[in-house]
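Please look through the model shown here with its sequence alongside. The paragraphs after it are meant to be read with both in view.

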2 protein chains.
Amino acid sequence: MTTMKEIAQATGVSVSTVSLVVNGRDQGRVKPDIAERVRAQAKRMGYQPNPLASSLRTSHTRILGFISEEVATTPYAGGIIMGAQDAAARLGYMLITVSTDGVAEEGRQITALKRYGVDGFLYAKMYNRITDLPRALTTLPVVVANARERTGRVPSISPDEFQIGFDATQRLLEAGCQRIAYVGDQDPILAQGIRFKGYQAALKAAGRRCDPALVANVGFNQQALNGVEALVERASPDGFFCFNDARAWYVYEAAARRGLAIGRDWSVVGVDNHRVFAETLAPRLTTIELPHYEMGYWAACKLVSLIEGRELDPARAPDTTAPLPPLNAANPTSIHCQLLEKDSVAAQPRLGE
Amino acid sequence: MTTMKEIAQATGVSVSTVSLVVNGRDQGRVKPDIAERVRAQAKRMGYQPNPLASSLRTSHTRILGFISEEVATTPYAGGIIMGAQDAAARLGYMLITVSTDGVAEEGRQITALKRYGVDGFLYAKMYNRITDLPRALTTLPVVVANARERTGRVPSISPDEFQIGFDATQRLLEAGCQRIAYVGDQDPILAQGIRFKGYQAALKAAGRRCDPALVANVGFNQQALNGVEALVERASPDGFFCFNDARAWYVYEAAARRGLAIGRDWSVVGVDNHRVFAETLAPRLTTIELPHYEMGYWAACKLVSLIEGRELDPARAPDTTAPLPPLNAANPTSIHCQLLEKDSVAAQPRLGE
DNA sequence: CTGAAAGCGCTAACAC
DNA sequence: GTGTTAGCGCTTTCAG
């Protein structure tokens, strides 16, 4: 690791001059040719600033704390972390991730992160809901991902559940389905109700009426299977919008029991939470991906702009000349998320589209 | 954040004395009563050491770098990260996680981690295989998780695939199955072959013969379903050991098509990679969990012991009086992993059991 | 325009 | 036993 001191000696200037130059604050303070020599020398010696040392003076570490719950039991966080990390990397930041179960654990982790001098926090939740911030989090900038902070004072990025429900139903309409069922979740979680509203809206927009017989909100296992069976018996659907891939499973089993094939006899669109079906069912099941990567990406951008007190133009990468990557390299079309900020709840930038 | 300086002033001693005391290196160097006063004052003021500042002198940050691939597309890493993080927290370390796709990305991430002064690396892979270490990683302590480093010079922790195959088959035997099928993966990946050997060994140990007709190694989708269908037709199994839960899916569909029920007509044991079935099938499917959490936990312990140049007794938590948690709180019995080190390949501590 | 000097919080020689 | 001193790599006044 070469230091500023070494560059200074090699160039025959002082460390302070080197500091100014390598931080790009030499305009009108250092003679251009000297600055150039310093820059060249720094490059030649492969200089990398030591963020820890500079943090001692500035108390900015360029480290973001990423807090998420129960990473262990669901794959949800992977995408968010990836997105956040990509954004952080472009902006010259690092991510320290911690995952927590329970509030005691959470508090301790937050304290630890503060000791390491993180500049701000990303607070990610497992599923979209209304959430309160841990007390300990209030002293530094925070952005919430995959959930909505209750008071609206903290920027939150969450899936656009309405659009998800709307688009899923739209696809089934386009596939020519006549009787489109909604297989939802029994729990009255946020996403459940809003996706259902999107489903209804899409049907209305197409001039169809919403038949309550076509709706089943089910839980797990045998009970869920029975619920789907009853739905099929009473309403003879030919298309299914499934709240998630776990629900899609029951439709599959119902089809298998009747000797019917998805993709031929029935159409199914599911929201993919777990990704297992990507392996088993890809060509047969139409999935809508939750915009995890995107949420992580924009949450990190937002957080950095909060930290640095300046708006980052999310359309281009700051501090670098490289162009922004497509929002989601794997699936550039799945951009269903929204940013909620105080005073912006009405005018939500629908990212992408 | 209170500093040593503040404690020193409040107690009327010098910072160096405070430093000695709070680092527990005051034995025979600081008068006990002074030490006690310092400790009390530190506690009263809620002193937390600033690890970044001390790293400037010691070049030890108490940060571990965690490198994993493709977190985004599989949930595997969650458990490893959780385990590593828990161990790190007990040992007073933090984890910086980065995930990478491709070697260029990997190199850049490693460089970035080095700039942040990580003390060592955890190198986690998506599935169990033989792996080479990136060049950039060789200058610091490394432990490999969920894979095996080729030369054997780097400690590696990986699932005990043989034991997994053996135990899974054992459970089917105990359930009274007469014709136990193996539904494997088409790819000749490491785990595939070894789990199959475990399967064979368990059958042999029970005095059963291995019927090749009971084995199907399948890929995805229709082809996989056909493979399982053919297996069922030709060999009439009543028990299935499935390489992973994706494979178990095809057995479920085959059962549904025949009006058979898992848990009544057929027994199924699957290795759970994706965890989706935990939600849909929990009471019906017997799963063997890969020991992700445990691998992460012990990998981090091992890494810290490498860094600090001393053996940590893995049976008790160093630097804290709190007892070790059960290896996996959720499922304390699933301890199927092994530590490989140079000169220890023969005598593998089978963790737990 | 440039450099000397002080200091961020902490550690480690070395005096006293 | 304890305090003084110097310095880790960097930023930031402030003289010159």
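Predicted model: local features only at pLDDT ≥ 70, side-chain atom pairs only at ≥ 80, totals over all residues.

Residues are numbered from 1 along each chain as its sequence is written, chains are lettered from A and ligands numbered from 1 in the order in which they are written, and side-chain values use heavy atoms, with hydrogens and water left out.

In chain A, an unreviewed UniProt entry places the feature "domain: HTH lacI-type" at residues 2-58; UniProt positions are given in the numbering used here, feature names are shortened, and such annotations may be inferred rather than shown by experiment. In the model, residues 2-58 of chain A are 65% helix and 0% strand, and the end C-alpha atoms of the span lie 21 Å apart. Helices (H or I, at least four residues) and strands (E, at least two) are DSSP runs, numbered from the N terminus.

Helix H1 of chain B, residues 4-11, has B:Ile7, B:Ala8 and B:Thr11 as its buried residues, where buried means under 20% relative accessible area, exposed over 50%, and partly exposed in between, with a 1.4 Å probe and protein chains only. Seen down the axis of H1(B), these buried residues fall within an arc of 100°, so they line one face of the helix; the arc is that of the directions from the helix axis to the C-beta atoms. An α-helix has 3.6 residues a turn, so residues three or four places apart point the same way. The face of H1(B) turned away from the buried side carries the exposed residues B:Lys5 and B:Gln9, whereas the cover over the buried residues includes helix H2 (15-22) and helix H3 (32-44) of chain B. After H1(B) comes B:Gly12, whose phi is positive, near 75°.

We turn now to the DNA. Around DNA strand C there are 26 residues, of which A:Val30, A:Lys31, A:Arg57, B:Met4 and B:Tyr47 come nearest; a residue is near a molecule or strand if one of its heavy atoms lies within 4 Å of it. Helix H2 (15-22) and helix H4 (51-58) of chain A, together with H2 and helix H4 (51-58) of chain B, each supply at least two residues of the surface near DNA strand C, and the largest share, five residues, comes from H4(B). Among the atoms of DNA strand C within 4 Å of the protein, 66% belong to sugar or phosphate and the rest to bases. From chain B, a backbone N or O atom of B:Asn50 lies 3.3 Å from a phosphate oxygen of DNA strand C.

A:Tyr47 sits in the loop between helix H3 (32-44) and H4 of chain A, and counts as buried because its relative accessibility is 15%. Leaving aside neighbours within four places in sequence, A:Tyr47 is in contact (heavy atoms within 4.5 Å) with A:Thr2, A:Thr3, A:Met4, A:Ile7, A:Val22 and A:Ala42.

B:Thr169 belongs to helix H7 of chain B, residues 161-174, and at 0% relative accessibility counts as buried. With neighbours within four places in sequence again set aside, B:Thr169 is in contact with B:Ile180, B:Tyr199, B:Ala202, B:Leu203 and B:Phe241.

Most residues other than glycine have a negative phi. A:Ser236, however, has a positive phi, near 40°; A:Ser236 is found in the loop between helix H9 (221-235) and strand S10 (239-242) of chain A, and is partly exposed, with a relative accessible area of 49%. In chain B, phi of B:Ser236 is likewise positive, near 40°, and B:Ser236 lies in the loop between helix H9 (221-235) and strand S10 (239-242) of that chain.

Lastly, the cysteines. A search of the whole structure finds zero disulfides over all chains, a disulfide being a pair of cysteine sulfur atoms within 2.5 Å. For A:Cys177, the nearest cysteine sulfur, that of A:Cys242, is 12 Å away, and A:Cys177 is buried at 4% relative accessibility.

Notes:
Polar contact = N/O pair within 3.5 Å; in protein donor to acceptor, adjacent residues only side chain to side chain.
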